[in-house]
Amino acid sequence: MYNKLLLILSVFIFIACGGGAPQEAQVVNIGSLGSEMKYDVEEFTVKAGSKVKIVLKNNSPLDFMGEMQHNIVIFKDESAAPQIIQLAEGNGGDPYDDSRILVKSILIDKQEETTIEFEAPKKPGKYLYVCTYIAHAGSMRGYMIVE
Ligand SMILES: [Cu+2]
C-alpha cells in the first residue's frame, strides 16, 4: 500500500516537474523468457537523464506448475545487490525500500504485466537489474546501459 502511494506520488512529481516541454519516455518491453527464470531482454540502452518506461510482462503460462513470480529491480550501485537480494528473498521476493535501488516494480504473477517509469541516471555506465523473487536473481538479470 505504501509502495503504491509512493509510486503514485513519484509519478505525480514526475509529471509536475515536466515543465513546458514534455519529453516522451522511451518504452522498453521486457518479459520473462517463457516460464524460465530469465528475462527476454538482458541489455538495453537509454540516454542519461532521459525518461524511461519499462513494461514488464510475466510470460509464464497460467497452467505452469509451481510458483513463478517476477519483478524488476534496478540498482544505483551494483555492490548493494547481494544484500538487497538476500533481504528480498526473506520477504517473499519483495525488496525493501532502499536508497541504493534506482527503481523497482511490484511482483507480478503468471500472465500479469506492470509498468515502471523513472528517470535514467545522469551518470553513464552499466546498471544491473535483477528479479528478486526467490532464487531468480542468479539467472534473471541484465544491464541497463546509460550513455
Ligand atoms: Cu523472476
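**Entry 1: helix α2**

I looked up the face of α2 turned away from its buried side, and the exposed residues it carries are P82, Q83 and Q86. I took helices (H or I, at least four residues) and strands (E, at least two) as DSSP runs, numbered from the N terminus. I call a residue buried if 20 or more other C-beta atoms lie within 10 Å of its own, exposed if 12 or fewer, and partly exposed in between, with C-beta atoms placed from the backbone.

The model is predicted, so I used local features at pLDDT of at least 70 and side-chain atom pairs at pLDDT 80 or more, while totals for chains, interfaces and linings use all residues. My residue numbers start from 1 along each chain as its sequence is written.

Which residues of α2 are buried? I found I84, I85 and A88. They lie on the same side of α2 because they cover an arc of only 100° around the axis; the arc is that of the directions from the helix axis to the C-beta atoms. I noted the general rule that an α-helix has 3.6 residues a turn, so residues three or four places apart point the same way. Next I checked what covers the buried residues of α2, and the cover includes β5 (101-104) and β7. For contact I required C-beta atoms, placed from the backbone, within 7 Å.

**Entry 2: the sheet of five strands**

I traced an open sheet of five strands in the order β2-β8-β7-β4-β5, with mixed pairing. Why is one side of β2 and of β5 left without a neighbour in the sheet? Both stand at the edges and each has a single partner strand, so one side of each stays without a neighbour there. The twist averages 25° from one strand to the next. Such angles run from 0 to 180 degrees between N-to-C directions, and axes are lines fitted to C-alpha atoms, for helices over the stretch in contact.

I then went through the pairs, where two strands pair if DSSP finds at least two bridges between them. Strand β2 (residues 43-46) and strand β8 (residues 141-146) run parallel and are joined by four bridges; T45 has I145 as its bridge partner in β8. Between β7 and β8 I found six bridges, and these strands run antiparallel. Y129 stands opposite G142 in β8, and the bridge partner of V130 in β8 is R141. On the β4 side, two bridges join β4 to β7, again with an antiparallel run, and V73 stands opposite V130 in β7.

**Entry 3: the largest nonpolar core**

How many residues does the largest nonpolar core have? I read off 24. I defined such a core as a set of buried Ala, Val, Leu, Ile, Met, Phe, Trp, Tyr and Cys residues joined through C-beta atoms within 7 Å. Those with the most contacts inside the core are I72, V73, I74, Y129, V130 and C131. The elements that give two or more residues to this core are β3, β4 (73-75), α2 (81-89) and β7 (125-130).

Leaving aside neighbours within four places in sequence, I72 is in contact with I30, I54, L56, S105, Y129 and C131.

**Entry 4: the sheet of three strands**

I traced an open sheet of three strands with the order β1-β3-β6 and mixed pairing. Its edge strands, β1 and β6 (113-119), each pair on one side only. Neighbouring strands of this sheet are turned by 20° against each other on average, direction ignored. Strands β1 and β3 (residues 51-57) run parallel and are joined by six bridges, and L56 in β3 is the bridge partner of I30.

I looked up V28, which lies in strand β1 (residues 26-31). V28 counts as partly exposed because it has 17 C-beta neighbours inside 10 Å. Not counting residues up to four places away in sequence, V28 touches F44, V52 and I54.

I then looked up E119 in strand β6. E119 also counts as partly exposed, with 17 C-beta neighbours inside 10 Å. Leaving aside neighbours within four places in sequence, E119 is in contact with G49 and K51.

Conventions:
Contact = placed C-beta atoms within 7 Å.
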